[in-house]
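Student: Let's go through this model together. Start wherever you like.

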Amino acid sequence: MILSIIILFSTVSCSEFLDEVAPSNLSPESFYQIPDHAEAALASVYADMRYMGYGAGIFSSNWQLLEALSGTSTTETAQNSDLNNLYGLVHDGNTGHVVNYWNGVYKVIAQANQVIAKVPDITPMDEAQKTRILGEARFLRATAYFTAVRLWGDVPLITEPQTASSEDFLPARTSQEEVYSLIESDLKIAEAAGLPWMDASGRVSLAAVKAQLARVYLTMAGFPLQKGASHYQLAASKSKEVIDYANGNVSIGLFSTYGEVHQENLKNTVEHLFMLQYNNVVASNPMDNMYPNFKPVTYNGPSGTGSTVPTPAFYNSFEDGDLRTKNQEGYFYNTYYTNGSGEEFDLGAPYIFKHFNTASNGTKDNPGSRNNNLNVPQIRYAEVLLLFAEAQNELGGPTQEAYDALKEIRDRATLATPALGEYNQSSFREAVWKERWHELCYEQITWFDMVRLRKAYNENTDGFDAFVGHVNLSSNQALQEKHLLLPLGTQEMLNNPNLKPQNPGYPG
């Protein structure tokens, strides 16, 4: 009957009907017409930055890739074979976390490329708004490439939107030097985009851009590029710009307590220069894999999480009296409250408190909201201080300004700092490195330090070993030369033979 009605009453030919485009189907050509489209497209790039929090099998998330390799944590669940392979340093191109990181990074790059290519042609549009959006997109693209080049070395450098008919649809890998050139260029454009120094909404700020530039320059000064003094100077100058602004403006600085670092209502402010944004309605905070395994620290009661816990050796490597190890005040806890708000009980070991949301999970006699809206920190002001201290020291030894930056970190930890005159360049260097290991632990930073320094912190000697041969106490396995880079994904190399050869030491 329906077919008869169509035949009798249709005044549109079959060929015309088939030629019509469904108005609800958007393409890059039909989108990007008005300023709101530009804002929406940029929001999608921000959303895709959350790839590090996506699931990677039972009891694991992508972010655990960078923690498992560092040797400062271990796992209590041991039910995820890919995570176990990372801890055992036997990961390969089929390891889920490795594959997921690659896919996540390049999805951010693809989305950012669309914004950078399409937004300039939107008219009419306020030029300041357009410049800001393009600057933010370039920061996000640079951040994705900065992750990729440190994990895989030479990687495909894609800067334009791609389709199946693109000439470079199967791109070869580009030298690290060229990748870093794009990263620096993107960040400089972002720096000139008129961004505010801080942005409580969570969007990219000028402080975040300058801090990221300092990170990039410090990395380029070290391995593998070994740019040396010129880039230590660039890193010192760029981080100093943030410090100078903070010294005259209370909107940037260290929180007075460590609890504020993971206080939900302080996200995107003061110490948090850039964070991944989470809201329980849209995307759940991914750091729940740090909860103690089968222990009732939240309103959910005992639950099987606890995939990432500190190794006893790393926890014990903090100096005596370091406030960062004080139960429930620092970055660890060894007691909590039954079901989040009941009677206090002993956890039996120290666990990571740094990402624990007391507003959501509850605290003594105060049931939580059950909505974990805590963000995940990406750049903190604490790191800026340590970036400056390290870079400035490499230019000829510790200065008063470098010493003051280090001391500010130690003062908050209630640690005494030897007088400036008691340091030489070598001892100050290791003092800063040690603070990086302790202050920035479990923020997906330590592994990148190990790669750029070719060093690893030895918890037993309180010194630093060469990367190759250092034994990760999480598994008692020694790091090898091949571990300086991750393998490329097996399936990715099958899809794109131009990616060959595989990184040294890995099959395929």
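**Notes on a predicted model**

Tutor: Tyr442 is buried, at a relative accessible area of 0%; buried means under 20%, exposed over 50% and partly exposed in between, with a 1.4 Å probe and protein chains only. This is a predicted model, in which local features need pLDDT of at least 70 and side-chain atom pairs count only at pLDDT 80 or more, while totals for chains, interfaces and linings use all residues. Residues are numbered from 1 along each chain as its sequence is written, and side-chain values use heavy atoms, leaving out hydrogens and water.

Student: Where is Tyr442 found?

Tutor: Tyr442 is in the loop between helix H15 (425-439) and helix H16 (446-453). Helices (H or I, at least four residues) and strands (E, at least two) are DSSP runs, numbered from the N terminus.

Student: Which loop holds Ala78?

Tutor: Ala78 sits in the loop between strand E1 (73-74) and helix H5 (81-87). Ala78 also has a positive phi, about 55°, although it is not a glycine.

Student: Why does Ala78 count as partly exposed?

Tutor: Because its relative accessibility is 48%.

Student: On to peptide bonds. Which residue does a cis bond join to Phe223?

Tutor: Pro224, with omega at about 0°. Pro224 lies in the loop between helix H9 (206-221) and H10. Another cis bond runs from Lys500 to Pro501, with omega near 10°, and Pro501 is in the segment after helix H17 (490-495). Most peptide bonds are trans.

Student: Back to H9. Is Leu218 in that helix buried or exposed?

Tutor: Leu218, which lies in helix H9, is buried, with a relative accessible area of 2%.

Student: What is Leu218 in contact with, leaving aside neighbours within four places?

Tutor: Leu218 is in contact with His231, Tyr232, Ala235, Leu387, Glu390, Ala391 and Arg452; contact means heavy atoms within 4.5 Å. Glu184 is 34 residues from Leu218 along the chain, and their C-alpha atoms are separated by 12 Å.

Student: New topic, Glu260. Buried or exposed?

Tutor: Glu260 is buried, at 19% relative accessible area. Its loop runs between helix H10 (229-247) and strand E2 (272-276).

Student: What does the side chain of Glu260 reach?

Tutor: The backbone nitrogen of Thr257, at 2.9 Å. The side chains of Glu260 and Ser256 are joined by a polar contact of 3.0 Å. Not counting residues up to four places away in sequence, Glu260 touches Phe255, Leu266 and His272. Between Glu260 and Val270, ten residues apart in sequence, the C-alpha to C-alpha distance is 10.0 Å.

Student: And the whole chain. How many helices and strands?

Tutor: The protein chain has 17 helices and twelve strands. Of its 508 residues, 56% are buried.

Student: What percentage of contacts between residues at least 6 apart join residues at least 24 apart?

Tutor: In the protein chain, 64%.

Key
Polar contact = N/O pair within 3.5 Å; in protein donor to acceptor, adjacent residues only side chain to side chain.
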